[in-house]
Amino acid sequence: MTYLTYTSSVLLVLAIVGAAGGAADKANSGISKKAFGTMPDGRTIDLYTLTNNRGMRVAITNYGGIVVSIVVPDRNGKPGDVVLGFDNLEGYLAKEPYFGALIGRYGNRIGNARFKLDGVEYKLPANDGPNSLHGGLKGFDKRVWTAREIRGEHPGLELTYLSKDGEEGYSGNLSAKVVYSLTEDNALRIDYSATTDKDTVLNLTNHSYFNLAGEGNGNILKHEIMINADRFTPIDGTLIPTGELRQIAGTPFDFRKPTAIGARIDADDEQIKFGKGYDHNFVLNRSGAGLSLAARVTDPESGRVLEVLTTQPGLQFYTGNFLDGSIHGKGGKAYGRRSAFCQETQHFPDSPNKPSFPSTELKPGQTYHQSTVFRFSTSK
Ligand code: GLA
């Protein structure tokens, strides 16, 4: 064998081994589908599982676009499910507080369940005292979405929903599309887009309830959080922003340095009392368009870390103050008060009634785009 032929044979063997190795690496990554339950009207609902090669697994159902589970390793490599939810569709069909769901058309509250757009007053269902919360009585969280599996470089799930003109009081036929994808840096990415045929308002988000110690595993008061915000939007007694953008310095809302969630959650503070803990929108410090870091949460016990990146201007930090142990989730576990926290990336609550807040209007010819990334890692 000449030197040249020898070299090329070695290269050929290396190339074959390399390709096989590559295929083996990819073997775990992908998307699978199974039945999740049946709607009262007979429609069947599926559960899609996205898997990567780094030990992360995300299950999503086309009912409400709900993220049913997120399994990620702790610092010792032990997998754990870090979001609250139910084992089957039935759990989600009963009254429950938006576990993991896509929220629309308007995430968070619209004051007095009404707003004016182009001089016309729109009346919405009041489902939270006098206010309209999370899209009304039958928001996007309770709709059946059309699912399409994505088998590209990263496994993904595309969900689409056509919200008819007048649905839950909102104007315009709204075509909404949400793409969930799972990447190799253990991140769940959510890309939202929408178009309308009439002027309308829109504020889409995801309502996952995280517990980095694992769902059903106690409260989140010892988790440490950093929120990249110098200001928040103070609220009235019905949780509607007053319109002020208040500095957080010197208040229990200063999370610029990582601080235990529980450190000041029961502080003698009017805003804390209104929220019964944290249930407030933070004005994110942003540098330009694109994804920027909104928050980082660490569980010192398991070492799990969640970073939240978003294109949105705001972040609702909610500490599960309304959970009271009466809901039994996966495996029958009772979900107690503050047993999870939410990171609802969003426009500010009640923006349609607050001209000084960034606009939530969407007009025909425009395309709404927002993205949020939930990225997991571990710390020592
Ligand atoms: C949002 C709200 C909370 C509460 C939950 C659902 O996070 O801001 O006040 O309504 O949804 O229980």
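The stops below begin at the ligand and then move to individual loops. Please keep in mind throughout that this is a predicted model.

**First stop: the ligand**

Select the ligand together with the residues around it. The ligand sits in the largest pocket, and 13 residues surround it. The closest of these are Arg-109, His-134, His-207, Asp-279 and Glu-344. Colouring the shell by residue class shows 7 nonpolar, 3 polar and 3 charged residues.

Next, display the side chains of Arg-109, Glu-344 and Gln-316. In the side chain of Arg-109, an N or O atom lies 2.6 Å from an oxygen atom of the ligand. For Glu-344, the distance from a side-chain N or O atom to a ligand oxygen is 2.8 Å. For Gln-316, the corresponding distance is 3.3 Å.

Select His-328, in the loop between β25 (314–318) and β26 (341–346). Is this residue buried, partly exposed or exposed? His-328 is partly exposed, because its relative accessible area of 47% falls between the limits of 20% and 50%.

Move to Gly-104 and Arg-105, which are joined by a cis peptide bond with omega at about 0°. Arg-105 belongs to the loop between β6 (101–103) and β7 (109–110). As background, most peptide bonds are trans.

Most residues other than glycine have a negative phi. Select Asp-118, in the loop between β8 (114–117) and β9 (120–123). Although Asp-118 is not a glycine, its phi is positive, at about 55°. Asp-118 counts as exposed, because its relative accessibility of 53% is over 50%.

Finally, select Asn-186, in the loop between β13 (174–183) and β14 (187–196). Asn-186 also has a positive phi, near 55°, and is a residue other than glycine. Where does Asn-186 fall, buried or exposed? Asn-186 counts as buried, because its relative accessibility of 5% is under 20%.

Notes: Residues are numbered from 1 along each chain as its sequence is written. This is a predicted model: local features need pLDDT of at least 70, side-chain atom pairs count only at pLDDT 80 or more; totals for chains, interfaces and linings use all residues. Side-chain values use heavy atoms; hydrogens and water are left out. A residue is near a molecule or strand if one of its heavy atoms lies within 4 Å of it. A polar contact is a pair of N or O atoms within 3.5 Å; within protein, one must be able to donate a hydrogen and the other to accept it, and residues adjacent in sequence count only if both atoms are side-chain atoms. On a 1 Å grid over the protein atoms alone, a cavity is a set of points where a 1.4 Å probe fits but cannot get out, and a pocket is an open set with protein on both sides within 12 Å along at least five of seven lines; lining residues have an atom within 4 Å of a point. A molecule sits in a cavity or pocket if more than half of its atoms lie within 2 Å of its grid points. Ala, Val, Leu, Ile, Met, Phe, Trp, Tyr, Cys and Pro count as nonpolar, Asp, Glu, Lys and Arg as charged, and the others, Gly among them, as polar. Helices (H or I, at least four residues) and strands (E, at least two) are DSSP runs, numbered from the N terminus. Buried means under 20% relative accessible area, exposed over 50%, partly exposed in between (1.4 Å probe, protein chains only).
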